[in-house]
Structures are given as structure tokens and as C-alpha cells.
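Open the model in your viewer and keep the selection panel at hand. The stops below can be followed in order.

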Amino acid sequence: MSFVLDGVTVRHHAPLAQRPLALTEVSLNAAAGEQIALIGPSGAGKTTLLHTLACAMRPQAGELRLFDTQAWNLPEAQRHALRKRLFLAPQTPPLPPRQRVVTAVLAGLLPQWGMRQALASLLKPADPQCAYDALARFSLQDKLYARVDRLSGGERQRCSMARLIVSQAELLLVDEPLSALDPTLAMHTLTVLQQEAAARRATLVCSLHQIELARAHFPRIVGLRDGCVMFDAPRHQVSDDMIAALYKHATTPASASTPQDQEPKQILPLIRCF
Amino acid sequence: MAASTIRTAPPDPAWRGRVTASVLTLVVLWPMLVWSEFKPWVLLDAQSLAATGRFLADFFPPAHSAEFLRLAAEATWQTVAMATAGMTLALLGAVPMTIIATERLSISRIGTGRIRILGRAVRLFVRWLLVGLRSVPELVWALLLVRIVGLGPTAGVLAIALTYCGMLGKVYAEILESADPHASDALLRNGASRLAALCYGTLPESASELVSYTIYRWECAIRGSVVMGFVGAGGLGQRMDESMKMLAGGEVATMLIIFVLLVACADSISKMLRRRLA
């Protein structure tokens with residue numbers, strides 16, 4: 001098993017009085033090499049779920065087993081070693097604007113590098129060919145020595161995917177990798193991601209707003225809403241009705257004004273953790 | 001209806017508060033001025049004006065004999081060397097302490113938002129160490145060290161190293177913590193080590209600010225080493241002390257010009273480096 005979530009409840013780190021529930025009793029598991037699309041309206045908890053899987057957020061209840069070990073029962077150092085085996089790509093590309101693309105991409109290898117190699121690579125990139133090949137898969141190879149702040153939003157997003165390609169992770173957690181891309185590029189980027197995951201037999205969990213792409217390309221689809229798993233099914237079992245129900249009355253603040261909607265109303269604005 | 005009958009603007013509701021605050025401030029501050037014997041008019045009395053005039057008249061022309069210039073150059077070199085050596089030693093202490101003290105780089109914080117007890121204790125200890133180092137002014141360190149290592153630049157270098165270590169460590173940590181955490185957080189979450197996350201995530205963003213603060217501190221160290229010269233730590237300060245005691249206005253003027261040039265030089269270096277790193 002790549003990961004198992006068992007009845008996981010997550011709250012955000014906010015002052016005690018206003019801690020909203022971000023995930024409620026979520027159970028989900030994936031075998032190694034599975035590819036899962038995570039869909040749901042904005043604020044449903046997709047990012048929180050990915051962060052929870054990446055040990056970047058500790059559940060208040062329930063347990064997370066990553067690579068068959070209970071991540072939060074491990075001592076600090078071992079848990080951090082576990083993080084080397086996964087790659088969490090956040091929604092906004094985490095690339096320092098003043099860094100060169102080659103350095104930003106090779107940063108994907110930092111968990112594997114020793115301190116000496118990491119420092120030396122700041123002076124002279126340790127493996128430019130590796131970064132070049134990764135960028136080439138997103139047709140960005142001519143940006144190898146450009147600075148990140150010279151890239152457009154879409155280029156930055158693909159540059160951060162190139163970092164994922166370079167990393168040697170076995171669990172790829174990707175948060176909306178297509179949000180800044182046009183339809184053609186989105187299609188291409190998704191294909192590269194899926195090919196790479198399949199080639200190295202890595203598990204891929206990808207949150208998406210492009211429902212059509214998710215239904216066309218991912219064998220398994222998980223629908224998330226208000227912090228709960230609404231469905232978890234192979235793609236041929238996901239019907240238009242299920243999608244419609246998932247996004248019904250989706251999270252406009254006006255729709256959450258009746259008293260029984262009080263809880264989600266509190267959650268919605270706070271649930272996004274960038 | 002009511003609005004249309006009122007022709008004049010209503011009085012400013014903040015006005016009374018402002019007047020009260022100003023009067024209160026004056027009432028509180030005036031006794032302080034009296035107690036501190038602040039009497040600026042002494043500067044303007046005829047005798048003082050005559051003395052100031054004589055001293056300032058001496059300033060022109062600044063001393064420019066070859067022999068004095070050689071002495072001044074030597075003293076300048078000693079001052080710059082003292083400041084630079086002191087800064088280097090300070091950096092050796094400050095950089096590791098910065099890396100320890102920066103909460104951004106905590107690994108136990110990931111996922112829980114809380115740093116474990118040991119981490120917090122170590123950080124607190126380092127912060128107090130930094131407070132201790134910088135709360136003693138460099139002049140006081142110099143006076144203490146002159147007793148231990150004797151007169152000469154060594155005392156000045158060590159004094160600068162100790163105080164500036166405290167200042168640099170504190171401000172570096174704050175610069176790093178005020179940078180955008182997104183890049184370093186992403187690296188830490190993917191299993192990178194603390195130092196790697198610092199070098200690849202935070203430094204590109206904060207480099208120019210760190211450099212500009214370092215150069216500014218170097219400039220301060222030059223000024224500081226001049227002051228320490230007065231207590232016998234050598235360099236321009238000691239020369240200036242001698243010239244002042246001999247009432248040699250021309251020499252003092254030359255040395256003041258050198259200070260201005262040194263500070264201007266530090267400023268242009270900082271500007272150049274910032275432009276390179278921007």
C-alpha cells in the first residue's frame with residue numbers, strides 16, 4: 001500500500017475557538033502505482049487532503065499509514081526521512097523569483113543530496129543535463145539558465161512539474177497542476193505527469209478542476225465536498241449525476257445562509273491553505 | 001432634511017484629543033529637558049561662539065602635509081582592517097546562530113504548527129545569547145578587553161566581533177523570517193534538510209537584504225572602531241584623539257573628510273551589490 005487514511009479528521013492551526021474542520025472522517029487508500037484524480041468544489045478540502053497525505057498536516061483523529069508505516073508515530077527524524085519518498089507540488093509554484101530555473105528544478109534532488117553537494121550545486125549546477133531533460137518534457141528546455149522571474153505563470157507551473165520529474169519520489173501529490181495552463185498545454189502536462197508516474201511505478205494523486213480531463217485520463221476518481229469523501233470510484237462508474245451532485249450549490253457564500261449550513265459557512269473561507 | 005439645514009461643517013471631533021495629547025506631551029517632556037540640563041543657548045553665548053569659531057577656523061585648510069597624509073592613511077587602513085576583521089569574526093558566530101534561531105527552518109513545526117520543546121529551548125537559549133552579546137556596547141567590551149589583551153587593535157577587533165555577532169544574528173534571523181516562506185516550506189515538506197531549504201528556498205529572496213544589512217553593519221563597525229580608538233584601540237580614532245588634544249583643527253578636518261569618504265564608499269559598495277543581486 002502506498003498510503004492508507006483511516007477515519008482522518010483534520011483541523012487547521014487556528015486559535016482554538018475558530019478552528020474549522022477541514023476534513024471529517026476521511027478514509028482513503030491507494031496501492032503503489034495507482035493514479036487518482038481528486039475533484040470537488042473550491043474549499044472542499046482537496047489541498048488539505050494532499051497536505052495530510054504529505055505529512056505536512058497532522059490529523060486530529062484517525063491514522064495515516066504511509067508506505068506501511070504509521071507516519072505520526074515515528075520519531076521526528078524518521079518521519080522527515082519518510083518525506084523524502086514523497087513529492088508535494090503546491091498549487092502556486094514554490095520557486096523563488098530570483099533563482100535560476102536550473103537551480104529551482106534541481107532542488108527536487110535536495111532530499112537525495114548531501115550538504116556538500118547541495119552547496120556545490122549552488123555554485124555550479126550539479127546535473128544540468130538532468131534538469132534539461134526534465135524541462136524538455138514540458139518544452140521548456142531553452143529556459144534552463146533563465147531566471148524564474150522571467151517566466152510566465154504557466155511556465156512557472158511547468159517548471160515546478162519539472163522539479164517533480166527530477167525528484168525520485170514514489171508518491172506524487174500534485175495540487176491543481178493545470179490551473180495556469182491553456183487546454184492544449186494542460187493536456188500535454190497531464191500526459192507527461194501520468195507517463196512519469198507510470199514509468200517509475202509511483203502513486204499519483206492529482207487535484208483538478210478540469211473534470212473532463214479527470215474523467216478521461218484517471219482510472220480512479222475521488223470526489224470531495226465539505227471535507228468529506230462523496231464518492232471514490234473507478235471512472236466508468238462516475239456518472240454525470242454524481243458530478244452534478246458534487247458541485248451542486250457549490251460554495252457560493254449566499255447559499256450558505258440557512259442555520260443548518262452554519263458549519264460549512266465557517267469552513268469555506270478558511271479551508272484553503274495555500 | 002436635517003442635513004440640508006446645516007450649512008457649516010461640523011467641528012472636527014479629533015481636534016480636542018490632539019490638543020490634549022500635545023499639551024500632555026509638553027507637560028511630561030519639559031521636566032525631562034530641565035533634569036537633563038539641556039541648555040542649547042549655551043552654544044550661542046559669546047564666549048562659546050568665539051571658542052567654536054577659533055576651533056573651526058583651524059579646520060581650514062585641512063592638514064595635507066605628505067607626512068600627515070601617510071600617517072592618516074596608515075590609521076585609516078588600520079581602522080578598516082579592524083572593522084573588517086571584527087565583522088568577519090562576528091559573521092563566523094552569527095551565521096550558525098542565525099540558522100539555529102530561525103523558526104522558519106524548524107522541521108518539527110511541519111504538520112503540527114508547534115515546535116517541540118527541545119527545539120524551542122535551544123532557540124530561546126541562542127536568542128538570549130544574542131541579546132547578551134549585543135546589550136553590552138562595543139565601547140564597553142573594548143574597555144574590558146583592553147584590560148585583558150592590552151592596548152591595540154586586538155581589543156577593538158574582539159569588541160566589534162562580540163557586539164556585532166549579537167546584532168547580526170538577531171537581524172539575520174528576522175530578515176529570514178520575514179521572507180516569503182512558500183519556497184522553503186515546499187522544500188522542507190519534500191524532505192529537504194534545514195540548511196538546504198535555507199540555501200535553495202529563502203536565500204535567493206533575502207540575499208540582497210542580508211547583504212545590504214551586512215554592509216551597513218560594516219560601515220557601523222568602521223565608525224565603532226573609530227570610537228574605540230579613543231580608548232586606545234588604535235586606528236583613526238587614536239589619531240583623532242591625539243589631534244583633538246593638541247587642538248590641531250586641520251588634522252581633525254582631514255580625518256572627518258576620511259570618515260565621509262569611507263561611509264560613501266561603503267554606501268556605493270552596498271548599492272552595487274544590491275543591484276547585482278536584485
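Which helices of chain A are included in what covers the buried residues of H5(A)? Helix H3 (101–106) and helix H6 (153–166) of chain A are among the covering elements. Helices (H or I, at least four residues) and strands (E, at least two) are DSSP runs, numbered from the N terminus.

This is a predicted model, in which local features need pLDDT of at least 70 and side-chain atom pairs count only at pLDDT 80 or more, while totals for chains, interfaces and linings use all residues. Residues are numbered from 1 along each chain as its sequence is written, chains are lettered from A and ligands numbered from 1 in the order in which they are written, and side-chain values use heavy atoms, with hydrogens and water left out.

Stay on helix H5 (residues 128–136) of chain A and select A:Ala131, A:Ala134 and A:Leu135, its buried residues (buried means under 20% relative accessible area, exposed over 50%, partly exposed in between; 1.4 Å probe, protein chains only). Looking down the axis of H5(A), these residues fall within an arc of 95 degrees, so they line one face of the helix. The arc is taken over the directions from the helix axis to the C-beta atoms.

Next, select B:Ser184 in helix H8 (residues 182–189) of chain B. B:Ser184 counts as buried because its relative accessibility is 1%. Leaving aside neighbours within four places in sequence, B:Ser184 is in contact with B:Ala197, B:Gly201 and B:Thr202 (contact means heavy atoms within 4.5 Å).

- B:Pro61 lies between helix H3 (46–59) and helix H4 (66–101) of chain B; a cis peptide bond joins B:Phe60 to B:Pro61, with omega about -5 degrees.
- A:Asp226 sits between strand S9 (220–225) and strand S10 (228–234) of chain A. Phi of A:Asp226 is near 50 degrees, a positive value in a residue other than glycine. A:Asp226 is partly exposed, at 28% relative accessibility.
- B:Leu247 is in the loop between helix H10 (236–245) and helix H11 (249–277) of chain B. B:Leu247 is not a glycine, yet has a positive phi of about 55 degrees. At 54% relative accessibility, B:Leu247 counts as exposed.

Finish at the lining of the largest pocket, where H9(B) gives the most, with 4 residues. Helix H4 (115–123) of chain A and helix H9 (194–233) of chain B each supply at least two lining residues. Among the lining residues are A:Arg98, A:Arg147, B:Cys199 and B:Leu277.

Definitions and conventions
1 Å grid on protein atoms, 1.4 Å probe; cavity = no way out; pocket = protein on both sides within 12 Å on 5 of 7 lines; lining within 4 Å.
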